[in-house]
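Here are a few quick notes to read alongside the model. Have a look at the backbone and the chain contacts as you go.

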Amino acid sequence: MSDLQTFFDEMRPFLLGARELDEVESALGESPSGSERMAFYPGLVAWGHANFVEKLYPMTLARLGEDRSDDLIEIYGEEHPPNHWEPNQVGARFPAFLESRPDVDDWIAELARYEWFEFVVYLDRNPTTPPPDGKLIVNPTLHALPFRHDVPAWVASEACDNPESTPPEIREHFLVIYRQPETHSCRFMEVTPWIQIVVTALEADRNPVEAAMEAGAPPDQAREVIADLRARGLLLGDL
Amino acid sequence: MKRFSQIHDITLAGHGVGLRRPHFEDTDQFIGTVDFLEIVPENFMAFGGEPLAVLDRVRTTHPIIPHGVNLSVGGDMELDSQYLADLKALCDRIDAPFFSDHCCYTALGGAWFHDLLPMPFTEEAVAHIASRARQAAERVERPLVLENISYYAVMPGSTMEEAAFLSAILEEADCGLLLDVNNIVVNSHNHGEDPEAFLDAIPLERIVQVHMAGHSELNQPSIRFDDHGSAISDEVLALYKSLIRRVGAIPTLMEWDNNIPAVEVLIAETQKTRTAEAEALRTAEGA
């Protein structure tokens with residue numbers, strides 16, 4: 001094995017906090033700069049990873065409190081070393097990690113999922129311009145997610161700024177999350193039966209007005225529903 | 001001797017700043033105040049939405065230079081094909097004359113550290129990086145410009161000085177140099193080296209661009225820390241002037257990545273580098 005490969009094999013676990021410095025020094029020799037300087041690096045890497053998580057999940061971590069957040073981020077980093085060049089992917093598995101923790105309330109994991117999708121939708125690669133043929137389509141950045149708690153109402157209220165506030169109410173519902181084309185901002189909207197009918201019809205390449213009428217809507221109401229969803233940016237293009 | 005920029009028809013000039021997300025709504029203030037903008041391509045190349053819309057807007061007003069952080073040219077994994085394809089597409093979109101990244105590794109064995117980590121200064125590492133740098137430049141279809149990083153420990157097994165290591169890579173890979181003056185100052189403090197001697201030892205004709213930034217001091221360990229979180233220090237400005245006296249005007253960029261200030265502050269920092277450059281050029285003429 002080359003000296004460089006030995007260096008890599010030692011540094012990888014060391015930088016991830018999974019190998020002690022004295023083991024590395026046994027294999028590679030001491031740094032001319034001294035052990036203290038070498039020992040600086042795993043902390044630097046962990047600090048960088050924690051920074052990415054903190055930027056992605058400000059509300060979740062504020063609710064957890066600083067000490068608990070620090071502990072959870074440390075465990076998360078050990079269990080899920082970053083595996084992608086895109087730095088924000090450092091935080092991709094954080095909601096699932098919280099969900100798997102019996103010591104974290106379910107709704108806090110939901111709050112983390114809410115924050116993650118806000119990021120995902122904001123940066124979604126899909127364009128939010130109408131297709132070249134002008135045909136009505138569902139905004140391609142749209143995601144539909146189930147929630148067990150009324151996280152959006154809690155986020156919208158002043159409760160999210162108060163670490164002692166009451167948790168959100170239990171209320172099972174679906175949310176659509178998408179990027180508003182003009183402002184590039186992320187929109188959350190509860191899935192209504194009409195949204196479900198219109199989106200399902202468009203995804204099946206069916207006329208959404210006909211689908212709404214089949215479901216019992218008068219033609220004018222069906223058109224109003226679609227006009228409203230276009231105005232909100234959930235639908236793009238024209239009928 | 002011809003400069004690397006002349007050989008590759010790189011006409012970038014003046015004083016620029018790094019475009020960061022907090023400034024997305026203020027980009028009009030860069031018009032007429034800075035000469036070019038630098039972006040971190042990883043913050044744009046996999047995304048749509050606002051970042052791409054902002055990029056399309058600013059590229060009509062400024063030259064845009066991509067300065068990457070995750071090529072991991074020193075790493076042990078194959079260069080990532082999708083990463084390079086996305087990077088090339090972004091470079092094409094902004095008509096980038098070159099792309100830059102750091103002389104370091106950021107990933108090993110499938111784990112990404114998202115930090116700029118130093119290599120051992122060895123002949124083997126020179127050959128390793130040079131080969132990968134050539135591959136990257138071929139696949140992105142434009143010159144690669146490598147930056148000297150700040151490092152807090154000389155890696156075990158090193159057999160060369162940093163300047164000799166960097167110079168050998170640049171020559172063997174035929175790369176340009178993005179000279180970070182702040183990093184030279186940080187390293188000179190942390191390793192007891194003479195920053196002027198560093199300038200003496202590197203191929204100045206390969207410098208394509210200069211980075212300026214702020215740094216801080218830490219206690220444990222007792223080091224200068226390259227945090228890009230403050231204004232340019234007088235010490236860094238003094239070394240910059242020394243560089244300009246040696247090589248003339250070079251495109252110069254102010255980097256500020258932590259505690260990012262208002263656009264006005266960034267623009268004021270570029271005014272500092274403009275003034276320092278002008279003073280250095282006057283001194284050089286008078287010498």
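This is a predicted model: local features need pLDDT of at least 70, side-chain atom pairs count only at pLDDT 80 or more; totals for chains, interfaces and linings use all residues.

**Notes on chain B**

1. Let's start with B:Asp9, which is exposed, with 8 other C-beta atoms within 10 Å. B:Asp9 has a positive phi, near 55°, and is not a glycine. Look for B:Asp9 in the loop between helix H1 (4–7) and strand E1 (15–18) of chain B.

2. Residues are numbered from 1 along each chain as its sequence is written, while chains are lettered from A and ligands numbered from 1 in the order in which they are written. Helices (H or I, at least four residues) and strands (E, at least two) are DSSP runs, numbered from the N terminus.

3. B:His228 also has a positive phi, about 50°, without being a glycine. B:His228 counts as buried, with 21 C-beta neighbours inside 10 Å. Its loop runs between E11 and helix H8 (234–247) of chain B.

4. Check the peptide bond between B:Gln220 and B:Pro221 too: it is cis, with omega about -5°. B:Pro221 sits in the loop between strands E10 (216–218) and E11 (223–225) of chain B.

5. Finally, 34 residues of chain B are in contact with 39 of chain A (contact means C-beta atoms, placed from the backbone, within 7 Å). On chain B's side, E6(B) gives the most, with 5 residues.

Definitions and conventions:
A residue is buried if 20 or more other C-beta atoms lie within 10 Å of its own, exposed if 12 or fewer, and partly exposed in between; C-beta atoms are placed from the backbone. Two residues are in contact if their C-beta atoms, placed from the backbone, lie within 7 Å.
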